[in-house]
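Please look through the notes below with the model open beside them.

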Amino acid sequence: MLERIPEFVSNHPIMSLGFIALLLALIVTEVARRFRAFKDVTPTELTRLINADDAAVLDVSAHNDFEKGHIPNALHVAMSQLDPEGKTLSKLKGKPVVVYCKTGQFSEQAAKKLAAGGFERVYWLSGGLQSWINDQLPVATGKK
C-alpha cells in the first residue's frame, strides 16, 4: 500500500499538494491554539468554572442580543467598550474571566484583548451563547 503513494502523487499532483497544504494549515492552527494566552471552554466546563472558581462571565454581544438572552449573572460589556484597564473590569483581574457572545465570533477577540491587558485566567465560550442553549442550560432575559 505505501509503495503506491509515489505513483498516486505523480498521477495527482494538484490533489496531493492540496492535501499537504490542508495538513500544514491544520498543524499551524493547532499549534497557535495551544500557545495562545486564553483557552476555549465548553458549556460544561464553564459551569464548573462558575461553581468551583467563582468565574466572572462577560457577555460582549450587542445590547439587544443581551436583552433577548444571556447566561444568568453575566455582566454585559459591549465589545466597543471593552477596556481591560477600566474600572469595571480591573476588579476582575484576579478571577477567572469567561467571555462569550451570541455565536462565539467576537468573544475570541475580546479574550485576546483581556489577555493582552494583563488578565491571567481568560477563557472564551466556544460556540457562544448558542452552544449554551444547545446544551439546554438556563438563559436569562432582560437587562440583568
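1. Two strands pair if DSSP finds at least two bridges between them. Helices (H or I, at least four residues) and strands (E, at least two) are DSSP runs, numbered from the N terminus. In this predicted model, Val-99 stands opposite Trp-124 in β5. Strand β5 covers residues 122–125, runs parallel to β4 and is joined to β4 by 3 bridges.

2. From β4 the chain passes through helix α6 (residues 107–116) to reach β5, a right-handed β-α-β crossover. Right-handed here means that, with the strands pointing away from the viewer, the path from the first strand over the helix to the second runs clockwise.

3. Strand β2 (residues 56–59) is also parallel to β4, with 4 bridges between them. Val-57 has Val-98 of β4 as its bridge partner.

4. Are the residues on the two faces of β4 (residues 97–100) buried or exposed? Val-97 and Val-99 on one side, and Val-98 and Tyr-100 on the other, are all buried. Buried means under 20% relative accessible area, exposed over 50%, partly exposed in between (1.4 Å probe, protein chains only).

5. Phe-66 belongs to helix α4 (residues 63–68). Phe-66 counts as buried because its relative accessibility is 2%. Its C-alpha atom is 9.6 Å from that of Val-77, 11 residues apart along the chain.

6. On method: residues are numbered from 1 along each chain as its sequence is written, and side-chain values use heavy atoms, leaving out hydrogens and water. The model is predicted, and local features need pLDDT of at least 70, side-chain atom pairs count only at pLDDT 80 or more, and totals for chains, interfaces and linings use all residues.
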